[in-house]
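Thanks, everyone. I have one structure to go through today, and I will keep it short. Please look at the sequence and the model first.

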Amino acid sequence: MLEVAHLVKAFGGVRAVDDVSFTLRERTITGLIGPNGAGKTTLFDTVAGMHRPTSGHIAFRGRRLAGLAPHRIFHLGLVRTFQIPRPFPEMTVLENVMVVPARQSGERFWNNWIARARVRSEERALRARAQEVLAFFELERLAGDRAKNLSGGQQKLLELARVLMAEPQLALLDEPGAGVNPTLLQTIVDKLRALNARGITFLVIEHNMDFVMSLCDPILVMAQGRLIQQGNAEQVRSDPRVLDAYLGGAAA
Ligand SMILES: Nc1ncnc2c1ncn2[C@@H]1O[C@H](COP(=O)(O)OP(=O)(O)OP(=O)(O)O)[C@@H](O)[C@H]1O
Ligand SMILES: [Mg+2]
């Protein structure tokens, strides 16, 4: 589904992503781990079009992505959590889900003049769909609350609701479990599994190892810009290079 080959992203002299190659298979939940500063977020930014690669190739379902603008990549069905604007704090939860970019004809100027009735019915359909998405994430109680009043964990669920609203084929999630309490973390795990069963492929950056090990297969490990290992939880856990990367060489 996604092919990354010899990808390099340099900032001046720093090669934040340094000759990284991997393939994501459709319908997997792949984990991406590595110590702080390993280049994980930069890899996401480069795949999603926020950064132009210094060199290398990226293909999504056989289509070259390098050089495409983020919104073009988004419309191809590749969504990253960061790509969706942060929740608008003053807007309600429902409104936050409804404003996720989609082919909404209501946004087009001429349609407001030419096809008011159609726009109205599309608005109704959009609202119904947003309500369905909120129900899936058990957020319907909060639909009328302002986003700024949600807890950190509820904000993470809202972020995932907005991802689902975009109907992605591939979703890149940057630390979906960060700052989330254990109960809500389990909810997030369950929802990601359910969405994966419905056909969405995921690539997930996460520091919580229980989360990664229980949810993700395979797991990619980055350190200092490089991909140093990929395999299942057992292979990754038992690899001395991975341990070494986390301990900063202390294990050597
Ligand atoms: N826009 C930028 N300009 C310059 N350097 C950058 C930029 N973005 C990232 N870097 C550098 O690239 C390296 C990788 O950073 P990145 O944020 O990708 O790491 P990460 O693996 O996501 O870390 P963390 O787990 O802390 O989120 C770091 O050395 C960082 O300082
Ligand atoms: Mg990061």
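A term before the details: a pocket here is an open set of grid points with protein on both sides within 12 Å along at least five of seven lines, and its lining residues have an atom within 4 Å of a point. Keep in mind that this is a predicted model.

On confidence, the protein averages a pLDDT of 89, and 91% of the residues score at least 70. Residues 103-107 fall below 50, although this stretch has 11 contacts in the model beyond near neighbours in sequence.

Now the ligand. Which residues are around ligand 1? The list runs Phe11, Ala16, then Pro35 with Asn36, Gly37, Ala38, Gly39, Lys40, Thr41 and Thr42, and finally Glu175 and His207. Some distances to oxygen atoms of ligand 1 follow. For Asn36, a polar side-chain atom is 2.8 Å from an oxygen atom of the ligand. Gly37 uses the backbone: an N or O atom there lies 2.8 Å from a ligand oxygen. With Gly39, a polar backbone atom is 3.0 Å from an oxygen atom of ligand 1.

Next, the second largest pocket. Its volume is about 160 Å³. Twelve residues line this pocket, and those nearest its centre are Pro35, Ala223, Gln224, Asp244 and Ala245. Pro35 is also one of the residues around ligand 1. Which helix gives the largest share of the lining? That is helix H10, residues 240-247, with three residues. By type, the lining has five nonpolar, five polar and two charged residues.

That is what I have.

Note on methods
Residues are numbered from 1 along each chain as its sequence is written. Chains are lettered from A and ligands numbered from 1 in the order in which they are written. This is a predicted model: local features need pLDDT of at least 70, side-chain atom pairs count only at pLDDT 80 or more; totals for chains, interfaces and linings use all residues. Side-chain values use heavy atoms; hydrogens and water are left out. On a 1 Å grid over the protein atoms alone, a cavity is a set of points where a 1.4 Å probe fits but cannot get out, and a pocket is an open set with protein on both sides within 12 Å along at least five of seven lines; lining residues have an atom within 4 Å of a point. Grid points are joined across faces, edges and corners, and a volume is the space filled by probe spheres set on the points. Helices (H or I, at least four residues) and strands (E, at least two) are DSSP runs, numbered from the N terminus. Ala, Val, Leu, Ile, Met, Phe, Trp, Tyr, Cys and Pro count as nonpolar, Asp, Glu, Lys and Arg as charged, and the others, Gly among them, as polar. pLDDT is the predictor's confidence in each residue, from 0 to 100. Contact means heavy atoms within 4.5 Å. A residue is near a molecule or strand if one of its heavy atoms lies within 4 Å of it. A polar contact is a pair of N or O atoms within 3.5 Å; within protein, one must be able to donate a hydrogen and the other to accept it, and residues adjacent in sequence count only if both atoms are side-chain atoms.
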